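Let's take a walk through this structure, starting with its strands and moving on to its charges. Keep the 3D view open as you read.

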Amino acid sequence: RQSINEHRITVNRLDNDPGNRMKNIYNRIAQDQGITWPDNLKNFENCSLNTAMCCFVQDRQANDQNGNCATPYDSNCVDADPSDNTDICYVDMARSPTSSRTSDGFALFEGGEEGDSHCHGFAWADDLDDASGRFKGNNLFYISMYDHFTQRGYVRNVPGAPMCGCVEQMPVVSRADCTQIDITSEKVTFVYSVEDGITASVKNVDIEFNQCQGANGNNNDLRAYVEQLATDGKISQGTKEQVDEIVVGEENCPEAIDEFLESEGILSVRKRSSNCDNVDGTAPLKRIAIGQAYNPHRAMVNHNAYTQDQWDA
């Protein structure tokens, strides 16, 4: 990060400001031309659930009304947080071995232990002639490189997961903001020739990036937008249900963690702590023990692998 040292000399200055390049792409390409989907990258090579998402855990830009990075950078933006819009439930590192650099393992986050995090995604129809599919590369550029990196200064991935990728590679989270593609005008030109017959080309496209219009009036919400796509018949109900297992909904992280641990053949126990923090006067549930209950691949039972109160701090 560029900064000024104690001698008032600018250090770590970039020769080419990537922010200017991102703004040029946004102004000159992203709003009226197609951007290719980067399926040559592991993070985006399949996306079988028609959904992609980015999750950021650090803010590196001051004075943009997003996150808590402030000037002077050297003292007020060393480990700044983005605007918190989600809970990270857990990371299954087997989902993204390229990003996690390991073939297996997981990390659990309960009770806000992950700190402030920000997730934002988008989804598209099965029919790639639909605007959401045709211009999904534009949406990826807008969300990842322009809106969050350039405009807000959001960076860094949840450890063990990609910063951006197909949703099936991403952490399991409670929610994510959402952007949809809207085409406000589009001109199609048809040309006939003896050699080629009739050919068509699209010109004068005007692309807008807007908050997703989700089901039941729940806008700017990825889970609700996926539900709306399913309701409209643009994706299958099965796809919607699989996305729901990754973007699980508010307050549903504990249940999602329980289900994941059970699928791994691991027994977990939660009990109420002595502190009555809930509005109804009850104490919140805390996970106090974790151990291998039964794993058919190992064919063994062990209910007492760990007994330390690891999550009751």
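This is a predicted model: local features need pLDDT of at least 70, side-chain atom pairs count only at pLDDT 80 or more; totals for chains, interfaces and linings use all residues.

In strand β7, His118, His120 and Phe122 point one way while Cys119, Gly121 and Ala123 point the other way, and all of them are buried. Buried here means under 20% relative accessible area, exposed means over 50%, and partly exposed lies in between (1.4 Å probe, protein chains only).

Residues are numbered from 1 along each chain as its sequence is written, and side-chain values use heavy atoms, with hydrogens and water left out.

**The neighbours of β7**

Which strand pairs with β7 over six bridges? That is β3, and the two run in the antiparallel sense. Two strands count as paired if DSSP finds at least two bridges between them. Across this pairing, methionine 53 stands opposite glycine 121, and cysteine 55 has cysteine 119 as its bridge partner.

β3 (residues 51-56) is mostly covered too, with six of its six residues buried. Thr51, Met53 and Cys55 lie on one side of β3, Ala52, Cys54 and Phe56 on the other, and both faces are covered. β3 also joins strand β9 (residues 164-166) through three antiparallel bridges; there, alanine 52 has cysteine 166 as its bridge partner.

β7 also pairs with β11, in the parallel sense and over two bridges. Glycine 121 turns up again here, opposite cysteine 178 in β11. β11 and β12 (residues 197-211) pair antiparallel over 13 bridges, and lysine 187 stands opposite lysine 203 in β12.

**A three-stranded sheet**

There is also an open sheet of three strands in the order β6-β5-β10, with antiparallel pairing. Its edge strands are β6 (106-108) and β10 (172-173), each of which pairs on one side only. Strand β5 (residues 88-92) is joined to β6 by three bridges, with valine 91 standing opposite alanine 107.

**Salt bridges**

How many salt bridges does a search of the whole structure find? Nine, where a salt bridge is a side-chain nitrogen of Lys or Arg within 4 Å of a carboxyl oxygen of Asp or Glu. Here are some of them:

| Pair | N to O distance |
|---|---|
| Lysine 234 and aspartate 130 | 3.1 Å |
| Arginine 175 and aspartate 177 | 2.8 Å |
| Arginine 175 and glutamate 250 | 3.9 Å |

Both arginine 175 and aspartate 177 are buried. Arginine 175 sits in the loop between β10 and β11 (177-193), and glutamate 250 in the loop between α7 and α8, so to speak distant parts of the chain, 75 residues apart. Arginine 175 counts as buried because its relative accessible area is 13%, whereas glutamate 250 has 47% and is therefore partly exposed. Through shared partners, salt bridges join Arg175, Asp177, Asp221 and Glu250 into one network.

Lysine 234 and aspartate 130 form a salt bridge as well. This pair links distant parts of the chain, 104 residues apart: lysine 234 is in the loop between α6 (222-231) and α7, and aspartate 130 in the loop between β7 (118-123) and α4 (131-134). Lysine 234 is partly exposed because its relative accessibility is 32%, and aspartate 130 is partly exposed at 21%.

**A negative patch**

On the surface, Glu241, Glu245, Glu255, Glu259 and Glu262 gather in a patch of negative charge. Patch residues have over 30% relative accessible area and no salt bridge, and like charges are joined within 9 Å. Asp and Glu count as negative, and the place of a Glu charge is taken as CD. Helix α8 (residues 253-263) gives the largest share of the patch, three residues. Glutamate 241 is in helix α7 (residues 237-244) and counts as partly exposed because its relative accessibility is 44%.

Key: Patches are made of residues with over 30% relative accessible area and no salt bridge: like charges are joined within 9 Å, nonpolar side chains (Val, Leu, Ile, Met, Phe, Trp, Tyr) within 5 Å. Accessible areas come from the Shrake-Rupley method with a 1.4 Å probe; for residues, only the protein chains shown count as cover. Helices (H or I, at least four residues) and strands (E, at least two) are DSSP runs, numbered from the N terminus.
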